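How do two chains sit against each other, and what makes up the contact between them? The paragraphs below go through the structure one step at a time.

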2 protein chains.
Amino acid sequence: MDLYAQLLRLGPLSKATYGALVRISEERVLAKQAFWSEPGAPVTHFAIVLEGLVRHFYVDAKGRESVKAFRARGEFSAPYAELIQRKPSRTFIQALEPTRLLTFDVVKFEALAEDSLELQRLARRFVELHFVAKEQREYEFLQLTAEQRYRQFCAERPEHLSHIPQHQVASYIGITPVALSRIRARVSGRRTPVG
Amino acid sequence: MDLYAQLLRLGPLSKATYGALVRISEERVLAKQAFWSEPGAPVTHFAIVLEGLVRHFYVDAKGRESVKAFRARGEFSAPYAELIQRKPSRTFIQALEPTRLLTFDVVKFEALAEDSLELQRLARRFVELHFVAKEQREYEFLQLTAEQRYRQFCAERPEHLSHIPQHQVASYIGITPVALSRIRARVSGRRTPVG
DNA sequence: CCGCCGCGTTATCCCGGGTTAAGAAACGCT
DNA sequence: AGCGTTTCTTAACCCGGGATAACGCGGCGG
């Protein structure tokens, strides 16, 4: 996982600034099932997944989970909306596999970025892409059926299908495990359907 | 509508830079029902609503509309995701009332912002808040019923209720006009319910 | 003044998905 | 290996909301 190359795709970044970033980073290891964010906790760090897989989810008053995202190697992991709002976390982040994170202290990062044109540009580009992803998700909820959302998920993240329990996939696409099971039965029953 | 004060809420902004922004802006008037973005068109401008009301929506292959947002005085209006991706618009933006926009040429804005720390910071903060709003919407689709989403809409944007045709509200919360009508009948039938 | 059209409501019918429950298969732990 | 737990499936039942259609109302243009 070449972090430098990855950041460069967002915009120009000098080796010096990159070095400063690396210096404020810390590796953190999560056992399978371990949490690194829980509701109520202040958001002090964000992270890049170096290895493994995490899920981001809410739990409502009645104890129902809603999975917001799965994040694997090279992807961003944090209670991002809360970080932006400087509010305590409202989301759980849990490792689905043994995971290594590269974490960054938010305060240190902002101190670095404060007067850095290239880091502000990078950070801006970074949120922009996350905004686009959220809008894509809005689109899927507005215009696709549960079955279409499932097929989309399978198409886009095939590598996850084998690592994520099905009820969590169901939660991600906004239905119950039972409903997903029915959809799967339906889909596999149809031999090479039109879609 | 004090644009300067509004921008200041996002972060520091010198009068000089603000002046430069104003110089690249252009007012644009939309008649009721007029469009200022349509699918296929390149995204050359973004805008702030000075007066009036617009709606942002997609239309799918079968001609079904999905309303993404309503934007009134002081709010941002543009096919933002497409602008970020530098792709042609996929969304319609239509005036629901006679509307005045303050438009900004994207290329001119980026030229101004390119080397401006304060504009990069502002732009970053700006997307961040839009990201938070999208995540809120994701939350509503994941965890609220249609009725709860309707009540939420009523609570948050009461001023819009009288100006927006009901079928567009229905589309915004992700249901059909008929379903919204039923929900309204249900809701008004219950005298001061639990809440 | 009349006819049209867009909008909201209501009714009917149907389907997708929620809920609950029970059973089967896979996994982990001791 | 034995046991419990988690995961997935299937079935029965219910309900919210989609599709369609009929009706009423209000606005608007002729």
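**Two chains and their contact**

Between chain A and chain B there are 14 salt bridges. The model is a predicted one, and every value given here is computed from it. One of the salt bridges joins B:Arg121 to A:Asp115, with the closest N and O atoms 3.8 Å apart. That distance passes the test because a salt bridge here needs a side-chain nitrogen of Lys or Arg within 4 Å of a carboxyl oxygen of Asp or Glu. Polar contacts are counted as well: 20 residue pairs across chain A and chain B are in polar contact, both residues being at pLDDT 80 or more.

Which parts of chain A touch chain B? The elements that give two or more residues to this side are strand E4 (53-59), strand E5 (65-72), helix H3 (80-85), helix H4 (106-113), helix H5 (117-143) and helix H8 (166-173) of chain A. Of these, H5(A) gives the most, with 19 residues. Sorted by kind, the residues on the side of chain A that touches chain B are 16 nonpolar, 8 polar and 17 charged.

Chain A contributes 41 residues, and chain B contributes 41 residues. Together the two chains bury about 3,800 Å², and 59% of this area lies on carbon and sulfur atoms. Three residues, A:Arg124, A:Phe131 and A:Leu142, supply 20% of the area that chain A buries against chain B, more than any other three residues.

Next comes the relation between the two copies.

Finally, look within chain B. An open sheet of 4 strands runs in the order E1-E8-E3-E6 (chain B), and the pairing is antiparallel. At its edges are strand E1 (25-30) and strand E6 (76-77) of chain B, each of which pairs on one side only. E1(B) pairs with strand E8 (residues 99-105) of chain B in the antiparallel sense, over 6 bridges. In this pairing, B:Leu30 has B:Thr99 in E8(B) as its bridge partner.

Note on methods. Residues numbered from 1 in each chain as written. Chains lettered and ligands numbered in written order. Predicted model: local features only at pLDDT ≥ 70, side-chain atom pairs only at ≥ 80, totals over all residues. Heavy atoms only, no water. Contact = heavy atoms within 4.5 Å. Buried area = accessible area lost by both parts, 1.4 Å probe. Polar contact = N/O pair within 3.5 Å; in protein donor to acceptor, adjacent residues only side chain to side chain. Nonpolar A, V, L, I, M, F, W, Y, C, P; charged D, E, K, R; others polar. Pairing = 2+ DSSP bridges.
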